[in-house]
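Reader: Please show me the model. I would like to go through it piece by piece.

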Amino acid sequence: MEGNPAQLRTAGVDLGGLMTVLGQHLYSTPLVALRELVQNANDSIVRRRLEDPAAPTAPRITVVGDISARTVRVIDTGTGLTESEIHTYLATVGVGYTRGLRQGQAASEELIGMFGLGFLSAFVIAERVTVTTTSFQQPDRGWRYQSSNGEQYSLAAAPAREIGTVVELALREEHARLAGEDYLARVLGRYCALLRVPIYIGDAAEPLNPEPPPWRGDSDSVSEHPVQARKRQLRFASRFEQQFEPICAMPVPALAGESDPRGLLWVQDGGTYGNSDNRNLSVFVRGMLLDDDARDLLPGWAGFVGGVIESSRLMPTASREDLQRNEAYRSAQHAIAESLIGGLAAVAREQPEAWRRILNRHNEALLGAALCDARLFELLAEEVRVPSSHGDLRASALRREGAIHVGLSTGGFEDMLFRMLGVPVARGDRYAVLPFLRQWVQRHGGRLIEIGTEQGNRQLFTELGLPDAELDWLRETLADGEKVVPARFAPAELPLMVVPDREAELKRRLESDEADKRISMTALRLVRGFTAGIDGSAQARLYVNLDNPAMRALLATMRADRAAAEPAARLLKAIKQLMETHNDADGHGHRLNGALAAIGDSVLRLLPAAAGQAGD
Ligand SMILES: Nc1ncnc2c1ncn2[C@@H]1O[C@H](COP(=O)(O)OP(=O)(O)OP(=O)(O)O)[C@@H](O)[C@H]1O
């Protein structure tokens with residue numbers, strides 16, 4: 001054996017095993033088999049138009065179900081097959097006539113088959129497949145192919161029939177329901193909605209694909225009034241949108257010119273959260289539904305958008321249930337995003353009522369969307385409303401004396417402060433609000449005061465200095481670990497105020513949200529971009545208001561006699577703790593008890609002095 005030159009060998013193919021894989025594991029649902037057969041019927045009709053000068057002018061596909069016989073028949077007026085074509089194409093796995101035909105043909109857009117595999121899927125749902133056919137090339141001969149597994153088959157001469165093919169499936173018991181014509185109409189109505197050849201179920205008078213899609217020029221759409229055109233688009237959209245009513249429809253592409261992909265997008269009715277993702281997109285390639293959940297072709301921010309597109313550039317995978325992620329895929333993604341942005345702008349211009357509905361329904365999602373594209377930001381900056389302490393307001397209505405206040409948390413000291421000042425505070429802890437406002441002030445002017453951040457605090461509190469010894473005393477008597485900061489701030493009635501570092505708090509909360517799988521990727525990306533720059537280590541600050549008369553009196557007393565100042569300081573500290581427990585979601589009950597006890601104690605210690613003053 002040694003020294004023998006390596007021999008070139010041919011790998012064996014276990015056709016039986018391959019058939020099982022192809023036939024039973026390539027497709028996600030047995031329904032696909034029906035689609036494949038209708039697609040073959042379509043292709044043979046297209047082929048006949050190309051090759052047979054006597055091709056019928058009104059070709060058709062008829063699908064007949066028979067529940068009692070448990071059969072489905074797919075009947076076409078296509079080319080039919082000759083004896084040798086049956087052997088070479090129908091019965092040879094991986095070979096089909098269609099692929100060759102497509103190359104260089106004007107009608108290639110309408111030809112669907114390419115892999116030479118689809119016919120096999122018939123054996124997934126059928127225990128026996130019978131093909132009866134007469135070719136236009138030999139109109140006086142007929143053939144009958146029969147197989148129960150796609151691997152062994154018989155072929156016999158049969159009486160000539162009308163030119164074309166009948167594929168009859170004797171259904172497996174578990175697929176008996178496919179013989180129901182209502183069921184067939186539903187399944188094929190979805191898969192075949194865009195096929196050009198009319199498809200009839202049983203002896204129905206109307207085909208199940210009566211109306212061409214609104215973007216194809218083959219109707220009287222040219223002279224159509226825009227209102228009529230919109231109605232037609234909406235009617236079409238509602239056939240595809242399962243969950244919501246479409247509010248408005250937008251064509252793909254937004255502008256005439258580009259030819260691929262073409263289709264329709266729509267905005268769903270139905271209130272959703274900013275980060276909910278209801279995107280759905282059906283993709284048709286050459287008239288056949290390939291993927292009814294191609295949501296990734298839609299931009300991530302468009303959680304409220306549905307659509308249908310058709311393309312001849314997108315490449316199906318062999319199962320024809322998914323799309324290859326290639327250059328055409330990326331360019332379709334781009335075209336769809338552009339159409340959506342252009343479409344929304346057009347709705348804003350031309351359909352005020354629909355636009356209002358969109359803004360009402362999807363305000364929150366649109367806040368986030370605005371951040372993803374500069375044009376959307378322009379479109380939405382004055383339209384979306386920002387949640388605030390005074391209800392939902394436009395950003396311009398939030399602006400007071402050139403500043404917009406945004407809180408990173410609710411229910412803190414800040415809330416009280418701004419309630420006292422009557423200034424609306426935007427809810428920076430809500431989806432997309434903070435980044436939206438940051439961009440808004442950049443473009444529209446004004447200052448953004450982010451309450452609870454160092455920068456925001458500097459704008460609210462005018463920090464002052466005090467001698468170290470006095471600061472030490474204030475810390476010992478008033479603080480619970482906060483950093484004491486002497487300052488002036490409004491309102492003067494407030495003697496002191498604790499401002500936790502809200503950024504650090506937010507970072508902690510959002511980062512624990514990140515573990516929450518229910519939050520969509522769009523929201524998470526926004527959040528990560530934001531929290532990455534936050535230093536989570538900063539501590540809370542205790543602002544001591546030097547504009548407040550009581551605080552000034554406390555300091556003056558302390559300078560003269562520290563012991564005399566202490567009861568008043570304890571009282572203030574207890575009030576501070578009381579306010580804090582009120583706002584403390586963690587519910588530190590023991591602190592509340594301690595604070596109340598300290599108040600009682602301080603009042604008792606203060607009373608003799610007060611009584612003394614009263615007696616003066
Ligand atoms: N109803 C039909 N009328 C005429 N020819 C047919 C019909 N059904 C199948 N054929 C022939 O059999 C071939 C193989 O069909 P099959 O469905 O396996 O593959 P395909 O349609 O070529 O490609 P794909 O796997 O992409 O569907 C076709 O190319 C065609 O030549």
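Author: In α7, the buried residues are Q233, F236 and A237. Buried means 20 or more other C-beta atoms within 10 Å of the residue's own, exposed means 12 or fewer, and partly exposed lies in between, with C-beta atoms placed from the backbone. This is a predicted model: local features need pLDDT of at least 70, side-chain atom pairs count only at pLDDT 80 or more, and totals for chains, interfaces and linings use all residues. Residues are numbered from 1 along each chain as its sequence is written.

Reader: Why do they lie on the same side of α7?

Author: The arc is taken over the directions from the helix axis to the C-beta atoms. Q233, F236 and A237 lie on the same side of α7 because they cover an arc of only 100° around the axis.

Reader: Which strands do the buried residues of α7 pack against?

Author: Contact requires C-beta atoms, placed from the backbone, within 7 Å. Helices (H or I, at least four residues) and strands (E, at least two) are DSSP runs, numbered from the N terminus. The face turned away from the buried side carries the exposed V227 and Q228. The buried residues themselves pack against β8 and β9.

Reader: In β9, which residue is the bridge partner of A249?

Author: Strands pair if DSSP finds at least two bridges between them. β8 (residues 246-252) and β9 run antiparallel, joined by six bridges. Six bridges also join β9 to the antiparallel β12 (residues 305-311), where V267 stands opposite V305. For A249, the partner in β9 is W266.

Reader: Which strands stand at the edges of the open sheet?

Author: The sheet has seven strands in the order β5-β4-β3-β6-β2-β1-β7, with mixed pairing. Each edge strand has a single partner, so one side of each is left without a neighbour in the sheet. The edges are β5 (153-158) and β7 (199-201).

Reader: In β6, which residue is the bridge partner of T132?

Author: T132 pairs across to β6. Strands β3 (residues 126-134) and β6 (residues 164-171) run antiparallel, with eight bridges between them. The partner of T132 is V166.

Reader: What average pLDDT does the protein have?

Author: pLDDT is the predictor's confidence in each residue, from 0 to 100. Of the residues, 84% score at least 70. The average is 85.

Conventions: Contact = placed C-beta atoms within 7 Å.
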